[in-house]
Amino acid sequence: MRVPLSWIRDFTPIEAEPAEVARALDHLGLEVEAVDEPGREIGGVVVARVVDVVPHPDADKLRLVDVDYGVGSTRVVCGAPNVVPGMLAPYAPSGARLPGGVTLEARRIRGVTSDGMLCSARELALGDDHAGILDLRGHGEASPAEGAGDDPEPGTDVVEVLGLDDTVFDLSITPNRPDAMSVVGVARDLAAHFGLPLDVPAARPDPAGAPTATTISVVVEAPERAPRFTARRLDVSIGPAPRWMARRLALAGMRPISNVVDVTNYVLLERGQPLHAFDLAHLAGRGLVVRRAAPGERITTLDGVERRLEADDLLVCDAERVPQAIAGIMGGADAEVRDTTTEILLEAAYFEPEGISRTSKRLGLRSESSARFERGVDPGGVLDASGRAAQLMQEVAGATVAPDPIDSYPAPVDRPRVTVRTDRVNALLGTDLPADRIPELLAPLEIEVEPDASGPPGRFVARPPTFRPDLEREIDIVEEVARRIGLDSIPRTLPPATRSGTGLSPRQRDRRTVVDALVGAGLAEAVTISLVSSEAVRAAGYAGGVVEAANPLRAEESVLRPLVGPGLLQAAARNAAHGLPDLALFEAGHVFRPPTPATEPLPDERDHVAVVVAGTRRRAPVEPDRPVDVYDAVDCLRVVTDALGLADVRLEPEGAPGFHSGRTAAVVVDGAVAGHVGEYAAATLAAFEMTGPAVGFELDLDALLAGARRDRSFRPLSRFPASAIDLAFVLDDAVAAAAIVGALTEVAGDLAEDVRCFDEFRSDALGPGRRSLAFALRLRAADRTLTDAEVGDVRAACIREVERRFGAELRG
């Protein structure tokens, strides 16, 4: 939100420098994103009156212009076609500064010396118009408090005439501060901060004519969605807004349109109350009906878009029930104010915030009005804001205001009563404020505080104003006290050095063990967003139920992830698209499934751990890079299971959605499937726009951590050397490498220190549906050096068992 300093000063006499005001705003929690000073780069440019215009003697398109700039006169060369005698224009003499760091000098143009130049809007950085010189006639009008002025006098500084001597603060307003979405709200906080008075004059339009209710009608059929709805009738004369108003709106970031529309925007910015003006001549039945939409009903909004509505949407219709506006968001095109409008119905309302927010998000339609209504406007200030607009329309549009506006407010909003304890305030803030200080701090914010007669000393009852719907609990009032005294003035204290609990729980330690093991194996931990697209979930092969988010940050990412893998595959694809195809990622995090049973209110939430390894990888420093294969994923799995010391983990051949059918295995922990490990299917990689191979696993982390553990008692390390055996077998594709590893480990018994598959080979010479798998065995005895005969016996026994159990053939 852009707030000009001059506008703030209409309500509180702030004399501080802009830099100090900016610091105060940050101090108050109204974050200043930028400070804009439009006239900073302009210096020495003054108003000049054009005295005479004659042709240039040596150029058809140039003219010689004599100007009077107040303290003297001179001649400039100018090519603009709109310069005429009597015109007032910005004159930049020699030595003047213009935006962009330009300093002017006298120069000869086609034989004639030009002492400076007359300026267009673009040369003053006021817009892109470079077709003619900026005409300053009529720019001498004063502020709204001073009334209308005359043409500026020659010699007057152009920065002052155009209002460029102002400072504009670009503020980031948090969602819990609807009152700060207005100039008055910002001024109130600053007045409290600097100890200055706040003066917001009451609106007192001068009514005339027949009472409003005798000329228009209002019916509110959905009072729960429109708790307060007001309407006024005015006769107006459409024309341009006065310069001061147009200038102020432009500084605040709004485009001036016409006096009536500009007044509604002016009051929106000043008071935070959206308004809407309907052309009564185009409003059937001369009245309004506020109702819910019918499913499938349509309306064309002011932006020219036809929008399909649902039953939850709220409409403002004419008396014949034809939609004329989407309540609180945007008006329709039928009854908009136009150049021929002479009679308007001015609507001001308080709409239920959540309904406005739902409709705005569903339609993808956000406006200055919806941004305020969905935060919560002041229900107590609706009629005052309407009166302020009527008063301004009398000043700038010659309006006649009908008396007795219609005000439908059947159930006035009750101000909450919040109990505040002085000792609680001090305990939370680490301060030592006396009891009488708290009412003093809250009074400038218009929070009424009275002693709690039924409570102990130092206990109060605070009644926040209706423009502060965010103040509902004691902690909210404590925060206001903190803002008033200044967070930077609260002394720093350390909490008592007490210790509760016994540190990390066993489950937390095990989870950290898994993470540390994968990091130690060279993988990078990723943190992906829990919201993913349904397309990504299906592309990863998941076909189960999903949990849809009611209010996703992005409409295309509306599913709470049922797996961690899709997020990692998306991350891998993004890295590959940016020239980083080789990576190894893991993530441990929550996944969400539909509740079981379905009557449960919350989803089934679990912890998963997933790994994705893509591109190329080397297994040892001396090896060259090679494409990743399924054994890289198995190695990562072994790192995890070994770190946890799981006693019963095995791999069993089993396909899984999203993985290659013949290169996937179920990870079985204590007899139950905890997840799958394997190579991702080509279709899965194509869906994520990945070209290289990728392998990985996804496991139920809870099942993994619940697995039985090996005996961790210490066993002395053998001081005798190891013996290595390499065996290669030709066998059917259906036989899993893990099954062979299990058989070899079983045969070798206590001598087996390590058994792993290290190579896979395929060739037509091996026969259809067959492959060669190579295994490395490391044997070591605890009490002796193994003899060649012993190693040979183990080798022979291993070969016999694999041939017998799996129909394998020893290769080579």
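The model is predicted: local features need pLDDT of at least 70, side-chain atom pairs count only at pLDDT 80 or more, and totals for chains, interfaces and linings use all residues. Residues are numbered from 1 along each chain as its sequence is written, and side-chain values use heavy atoms, with hydrogens and water left out.

- Helices (H or I, at least four residues) and strands (E, at least two) are DSSP runs, numbered from the N terminus.
- Two strands pair if DSSP finds at least two bridges between them.
- Strands of a sheet pair through backbone hydrogen bonds, either parallel or antiparallel.
- Seven strands form an open sheet with mixed pairing, in the order β28-β32-β33-β39-β38-β37-β36.
- The edges are β28 (524-525) and β36 (649-653); each has a single partner strand, so one side of each is left without a neighbour in the sheet.
- Helix α15 (residues 565-577) packs on this sheet and touches β32, β33 (604-614), β38 (672-680) and β39 (694-700). Contact means heavy atoms within 4.5 Å.
- The direction of α15 makes about 145° with that of β32. Axes are lines fitted to C-alpha atoms, for helices over the stretch in contact, and angles run from 0 to 180 degrees between N-to-C directions.
- β28 pairs with strand β32 (residues 583-593) in the parallel sense, over two bridges. A524 has L585 in β32 as its bridge partner.

**Strand β12 and its partners**

- Strand β1 (residues 2-4) runs antiparallel to strand β12 (residues 168-172), and three bridges join them. R2 stands opposite D170 in β12.
- Strand β2 (residues 31-36) also pairs with β12 in the antiparallel sense, over five bridges. Here V32 has L171 as its bridge partner in β12.

**Two residues with positive phi**

- E446 is not a glycine, yet its phi is positive, at about 65°. This residue lies in the loop between α11 (437-442) and β26 (448-451).
- E446 is partly exposed, with a relative accessible area of 36%. Buried means under 20% relative accessible area, exposed over 50%, and partly exposed in between (1.4 Å probe, protein chains only).
- D670 is not a glycine either, and has a positive phi of about 55°. Its place is the loop between β37 (659-669) and β38.
- D670 is partly exposed, at 38% relative accessible area.

**A buried arginine**

- R291 sits in strand β16 (residues 287-292). It counts as buried, at 7% relative accessibility.
- The side chain of R291 makes a polar contact with the side chain of E297 (2.6 Å). A polar contact is a pair of N or O atoms within 3.5 Å; within protein, one must be able to donate a hydrogen and the other to accept it, and residues adjacent in sequence count only if both atoms are side-chain atoms.
- A polar atom of the R291 side chain lies 2.9 Å from the backbone oxygen of R321.
- Leaving aside neighbours within four places in sequence, R291 is in contact with residues including E221, D313 and P323.

**The second largest pocket**

- The second largest pocket has a volume of about 850 Å³. A pocket is an open set of points on a 1 Å grid over the protein atoms alone, where a 1.4 Å probe fits, with protein on both sides within 12 Å along at least five of seven lines; lining residues have an atom within 4 Å of a point.
- Its lining has 34 residues, and V261, T264, N265, H276 and L302 lie nearest its centre.
- α6 (259-271) gives the most to this lining, with four residues.

Notes:
Points joined across faces, edges and corners; volume = space filled by probe spheres on them.
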